[in-house]
Structures are given as C-alpha cells and as structure tokens.
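Biologist: Could you put the model up, so that we can go through it together?

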Amino acid sequence: MATNYASAVRNGSMAAARLHQAIGTREAMVAQGGSVDVFDASLQLKLPLLLRPLKGLLGAYLPLPRPGVLVTTERPLSIQRFTAAHELGHYRLDHLPSLDDENILRRMAMPNARELFGPNMQEVEADAFAVAFLMPRWLIQWHCARQGWTAPNLADPAIVYQLSLRLGTSYEATTWTLQRLNLISETAGKALRQTQPRQIKVALLQAYRPTDYRGDVWLLTERDGGTRIAGSRNDHFVLRLNEHSSGGYLWNIDELRDSGFAVVRDDCGSTDHEGIGNATTRSVTAALEEARYGKLALTETRPWQPDPPLSELVLNYDFSGPEEEGLSRAERRQVLAAA
C-alpha cells in the first residue's frame, strides 16, 4: 500500500486502468457508449456483491472468509455506482476490511483536502480507483466527440449535466473530475458547482412540471443513436430532433409510445425562420410509462409513403435503477439466462 497521498492516487488510478484493460471496457464503450457498468465488472471478477438497506453506511468491503461487497439501497443510482466502484477498488488493491460512510462523498466534494484521509491511504487508493474506473479520460473524450462538445462547452452547466448522465455519475463528482483532469479550470469548476442540477432540469422541461425533480432529465438528439443510456425509473426525456416537415417528413411519435414512453409535451419550432424547406426542431418531452429497459426506435418518414425513413434514432436504454435489495440486476439477469 502507498505511504503518501500522491502515490496512493497513482496506485488507485493505475489499478482502475489495468482492470479496464483486463475486462475490455474500452472496447465495449467504443462499440456502444454509455457508462461503465461497475456491477457487471464485479460479476466478471466473481466478486460477491449484495445490496442491502444499510444504516449509516454507503457500503462495505469484507475480505474474509471470502472477499465480498455490500452496497446500500438507500441512495440514488449514481451514489450506488460510486460506492460499488470504491468497494471494488478495495478488492482489487487487496485492502483490509472497510466500512464506508458519507465520508466517501465528502472527500469527492473536497478532493484536495488531504487531512480528511489522515494516515488511511487505502481510502485514498479506493477513491482514486472509483474516479478513474467510472470517469476515465478516454470515456469523457468519447462522449464529447460523439456529442460534438468542445473544450469551451465543458464550462456550460447544461452540457456537464448531460455528460454526467452519460457517465452515470453525479453532477458534482463530474465537475471535480473535469477539474482534476485539467479539462476545465478551477474557476470554471467553481462556477459549475454554483449551478444546481434542479435549475437545469427546470429549464429543460420548460412548461412541463413533474410531481418532483428527483429524477434526471435527459436531452436526446440524433447524436445519441446507437448508444446505450441508463438511469432511474423516474427520469424524464427531452428529444430534440431535426424534422423536415416542409418536405412532408415527420417523426413517428407513436413509436415512442410503443416503446413504453408517455408523451407529456410535443412542440415544433423552426431553426431558420427565413429559410424555405429548412428543417425544424421537433421537441418531445416524455416519461417512462411501462418499459424499464429495452430499445427505443424512432423514424422520420412521410406517413403516406412506404419508403425507407429519412432519419432514425435507435438506442438501447435501461432505466430500472436504482439497484434494489439482493443481487445486482446484472447478476439476476445472468442467473435468469442460465436457468
């Protein structure tokens, strides 16, 4: 184990990179995008992981008599994922038993406050592992390239919020990671953290008012086609799609309903009010109605013609989070597949 802070951060980060290489995470992400599935990683390593309604703890790592991990059911999915990654770090770095409480989150919010760790370098290693495993630089860059986000865009709270959803991490943790990787300045990081996610959600949903704002709000465009997105059951979705309505092409919103979504708002506004024949922006706000995971497939067609679609948006989604008591969903699905 490391004896100083810098070495501990390096050990944890390198261990995460080695695990990504061992289980082929990068290849999978390049193929379909999305977030790193830490629960599936634990399953691949045959590390027992159980979810329990822990009181006063976010998670625990117990190496004896056989290594195993506990994660709370009492927190949102992003915190469950970070906790699971932290405990996985303890396992991969061959640590002593660890009972982990809210200090995991406090340290994430104060990454330079080394005094919070004291002499406990194994916690530094596990935190560094969790950050590097869930938010590697290459995955951040992949999402930015896919969405067309450039370096200046990472100072925009709305864009960083959408990046955090695609990474499966909290907004605040994402801002600290961007700052740590020198992708944004300290000043930009502070400015981002002055914006609360609720403000961004309200702006995205516009006139629509859900019963509460605990769920996230995804902004989806054609750039999300072919990717995999994952979140929680009470999330909402704003689809902004280029629509060539002047040429008779319309997005088939019935396909959205057929995929298990409830359409709560449907707007259309021109992107070029002076042009003739230009695309307009179809903005559709939706919520989950029946489906929790599956495939979303939308096509832009002329309703009266059987021709191939002009455009399409196809993506896989899993919004069955947060994880519930017992085995993780990844392990339950493996058990069902083997039955």
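Modeller: Here Leu62 stands opposite Gly68 in β3. This is a predicted model, in which local features need pLDDT of at least 70 and side-chain atom pairs count only at pLDDT 80 or more, while totals for chains, interfaces and linings use all residues. Residues are numbered from 1 along each chain as its sequence is written, and side-chain values use heavy atoms, with hydrogens and water left out.

Biologist: How many bridges join β2 to β3, then?

Modeller: Four bridges join β2 (residues 59-62) and β3 (residues 68-72), which run antiparallel; strands here are DSSP runs of E of at least two residues, helices runs of H or I of at least four, numbered from the N terminus, and two strands pair if DSSP finds at least two bridges between them.

Biologist: And what is the strand order in the open sheet?

Modeller: The five strands follow the order β4-β2-β3-β1-β13, with mixed pairing. Because β4 (98-100) and β13 (326-327) each have a single partner strand, they stand at the edges, and one side of each is left without a neighbour in the sheet.

Biologist: Switching topic, is Ser164 buried or exposed?

Modeller: Ser164 counts as buried because its relative accessibility is 1%, where buried means under 20% relative accessible area, exposed over 50% and partly exposed in between, with a 1.4 Å probe and protein chains only. Ser164 belongs to helix α8 (residues 157-167).

Biologist: Which residues does Ser164 touch?

Modeller: Leaving aside residues up to four places away in sequence, Ser164 touches Thr169, Ser170, Tyr171 and Thr174, contact meaning heavy atoms within 4.5 Å.
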